[in-house]
Amino acid sequence: MSKDERFQKRRKNWEDTTVKKTTDRFPERKPEFATSSWIPADRIDIPESGDFDSYSEKLGFPGEYPYTRGVQPTMYRGRFWTMRQYAGFGTAEESNERYKFLLEQGQTGLSIAFDLPTQIGYDSDDPVAEGEVGKVGVAIDTMKDMEILFDGIPLDKVSTSMTINAPAAVLLAMYIAVAEKQGVSRNKLTGTIQNDILKEYMARGTYIFPPKPSLRLITNIFEYCSAEVPKGNTISISGDHIREAGSTALQ
Amino acid sequence: MQNLANQILKQDIRAIARSISLIENETDISQKEALIDTLHPHCGNAIVWGITGPPGAGKSSLLDRFIEHLRQSNKKVAVIAVDPSSPFSGGAILGDRLRMQKHATDDGVFIRSMASRGHLGGVAGATADAIKVFDAAGFDYVIIETIGVGQTEIEVMELSDIVLLVLVPGLGDEIQAMKAGVMEIGDIFIINKKDLDGADRLKSEIEYVLSLKDSMESASNHSICMTSATQNDGIGDALAQIHSYFSSLHDDGRLAQKRKERIEKELKHIATTKIMASANRFLNIDQRLNDWVEEVFQKKASPYKLLNKKIGEFLQELNWQ
Amino acid sequence: MDIDSFAGRLSFFFNAHNDLLEEVAKFRAARRIWAKVMKEKFNAQKPTSMMLRFHTQTGGSTLTAQQPDNNIVRVAIQTLAAVLGGTQSLHTNSRDEALGLPTEDSVRIALRTQQIVAHESGVTNSIDPLAGSYTIEKLTDTIEEQVWHYLNKIEDIGGMVRAIENGYVQKEIQDAAYRYQQEVESGERVVVGVNKFTINENQPSDILKVDPKLRDLQICKLSELKKQRNNENVTQKLTELRLAAQDSDKNLMPVIVTAVKEYATLGEICNILREEFGEYQESIVL
Amino acid sequence: MTKKIRILIAKPGLDGHDRGAKYVARALKDAGYEVIYTGIRQTPDAIVKTAIQEDVDFIGLSLLSGAHNELFPKVVDLLKLKNADDIIIFGGGVIPESDIPGLKEKGIRAVFTPGTPIKDIIAYIESAK
């Protein structure tokens, strides 16, 4: 089969527009990429011939619809993914120590694990918390604990992900308040709260409220953050826990 | 046995639980019969509700709310929640109480899950006698939650003073259910999940079917309630209707009539069961059935003639003639 | 709300299991489906609304308590799956997480796994390097097709909230879980070190444990704080919160922020919301 | 008729990971037992009262959060208090081997860690009933 020029044309168009727009602002990690034996590695490999329309419709180019090949035009040639270890246990003091260790080891983002009473919105002194305090994550009762948790960690420098659903509004509020106390204004904060309540009902069981008020809380967080914390991702929709509950990849 | 019965009358939780197992297991039939006979004089005070309807209608959640309200007026409530046994393994997963688990620590509530163990009719074979245990133990209400498969669940009608039929819009089987005659068994119709689309339409459909029925029968005061168990909406209203329905049953003598019919069915049932058991024993004594099969197979005897003769001999032996 | 005003702020949370090619195809299919749904169904205009960005966690349920060091290899495969699938961020599980909390050593290895894939494996040199593989593209298409089938079915039921309420979703998940577990038990599905290649072993002794006294300590801290804070202000903020909760047009965030600044506890705030909103009861499917 | 074995499968504590508990419940049903399932977040008190009302022969406790050392023995103690310690308790979940002797000493008769084939649990029930 002879070469189909349309593929190369499309690729050039992609390099000149989508890629260029990105590389102008964020250059790639290295000027040139190659394998261990110095075979040059192209930014992307594409067919030379074949069904051009099907390729464009199903695969396309990174950073372009339908994003099958990735959402960023340069992907990991630009920068690596965020290495974000989910961690937290015991008291705020112990977790703070672990976070500092991880940041020293080259981790690029923090991910906070909360204990079950915190995830379900109970204080440590609640009778139902017996046996559970600090077990699967850190115990947070008040903003005081949150202050200790992030002591010595500049919140404008790290991106923080909090795995919390039902009481997300409260923990986000504490996070914002701690940042302000550190002198970091809320519009400098980056991160995510995993705030996908549907998942709780389906798979993980750390729900508190019925679906309707839960959705209201999520919407409230959304609107508040759009105005006040523009850099944060406020919701993260989870396939993980549903999979952990045993669903197949398809589901 | 007297001891177990006494403990039941003293509302001992463990004794109640154990006696229901005794009834279910049928390991010792004479013991079970003695127990029920001892309890009999103490029965008849509890109000018995049956709650039925298709799976997913929210029977357990609704029941959970009813218990909540009945407890507020300090009534003691027992629940018998029936789930199907697997026809293959004989095992069962009994999960109805899950939705009522917040009452688990309340001593005024007793929830017992029961597997059907092959019994048809939406309840278990042990349900009728279990009701008596709770009745004698002083529970004000005994509520039976049926399996919920629909058409065949008529037995609950024979066991309860009032049957609550729970329906829900959108299951697509409303009309089917009406045709199949499930509607006949409900005294009170409860449309649960009333906030869903189609609830009002379902209500008018039921009203229509009831009006047809009423034109054929006289004296009917069926009522239809709309509830949402999850939102705790309409529960008090539904209860008020159930209570007033019960008062009317009581006042015009239908309750006594119903309960007598229940006893009649029970007696017939016990008689048939016992005679069946004797018949089985008779047929299998010394494996004579095998001999008869051989005789009939070889054309040495014909079935009616043979059995008329043998049964005649048997009854004579028993001095029944 | 306008779809473009918030869709760009959504991110997904996936996990990566051991079936490398299927996992890569899953991530690619997910991006394509999301883009189509946002564009065609919700009429999104902004490209960022159509971009599915996701965080990946390696599959906790794939870790085995038996021969825990094998988990390092599993996590490495899962890391590759996430990276070849184009993840935006990644958490790698530690080898000992089926036993308890991870130790510092285990956490370091888990992080090093990511760093080795990033810096040494070379898969980060070209973008989407598995594209065009017959197998990958077939899997991607198949997964996409079957996901559409599920989405349509859920739509028929009346949406996700409804599908959860009537137990459809839970049942589908449950059935898959049951089937998986039965395959493992029958040996049809090999789990190395669990149902094949087993050894007699003792569990490692260096499992990190949380001190059982920790709750007492935390309770102490809490009661101390409750004495020190301005309780009048706390009560007032909590009352404000209750009023705001009763008014469905109010945004609760600002009042929650002021309440936590007064050191109102998580439980105090959530209890008010519990009283106002009620508590969810699970619809369980067995 | 023979007596049916009834088993309560309960999840004490706050963890919501009920995949294992549900799997065991379903498998025990397939093995012919009557299984009562309570759902998640059950207090020891609720578990014990449920077990007594349901007149079960066994209680299977499942816990993944690590609170087993506190919560399992509490169930045993409450059963004793109610004179119902003829009910046999077994446990399962993420339980380090080093905790098992302590749990057994406190009256948990068997502990099944992740990966235990269901036939082992059935064999245990058959031997203990």
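Predicted model: local features only at pLDDT ≥ 70, side-chain atom pairs only at ≥ 80, totals over all residues.
Residues are numbered from 1 along each chain as its sequence is written, and chains are lettered from A in the order in which they are written. Local features need pLDDT of at least 70, side-chain atom pairs count only at pLDDT 80 or more, totals for chains, interfaces and linings use all residues, and side-chain values use heavy atoms, with hydrogens and water left out.

Chain B gives 30 residues to the contact and chain D gives 30 residues (heavy atoms within 4.5 Å). The buried area is about 2,600 Å² (accessible area, 1.4 Å probe, that two parts lose on being put together, summed over both). Carbon and sulfur atoms give 48% of that area.

Eight salt bridges cross the interface (a side-chain nitrogen of Lys or Arg within 4 Å of a carboxyl oxygen of Asp or Glu). One of them joins B:Arg97 to D:Glu54, with the closest N and O atoms 2.6 Å apart.

On chain B, the elements that give two or more residues to the side touching chain D are helix H2 (13-25), strand S3 (92-94) and strand S4 (109-115). Helices (H or I, at least four residues) and strands (E, at least two) are DSSP runs, numbered from the N terminus. H2(B) supplies the largest share, seven residues.

Strands also pair between the chains (DSSP finds at least two bridges between them). S3(B) pairs with strand S2 (residues 34-37) of chain D in the parallel sense, over three bridges. B:Ala92 stands opposite D:Glu34 in S2(D).
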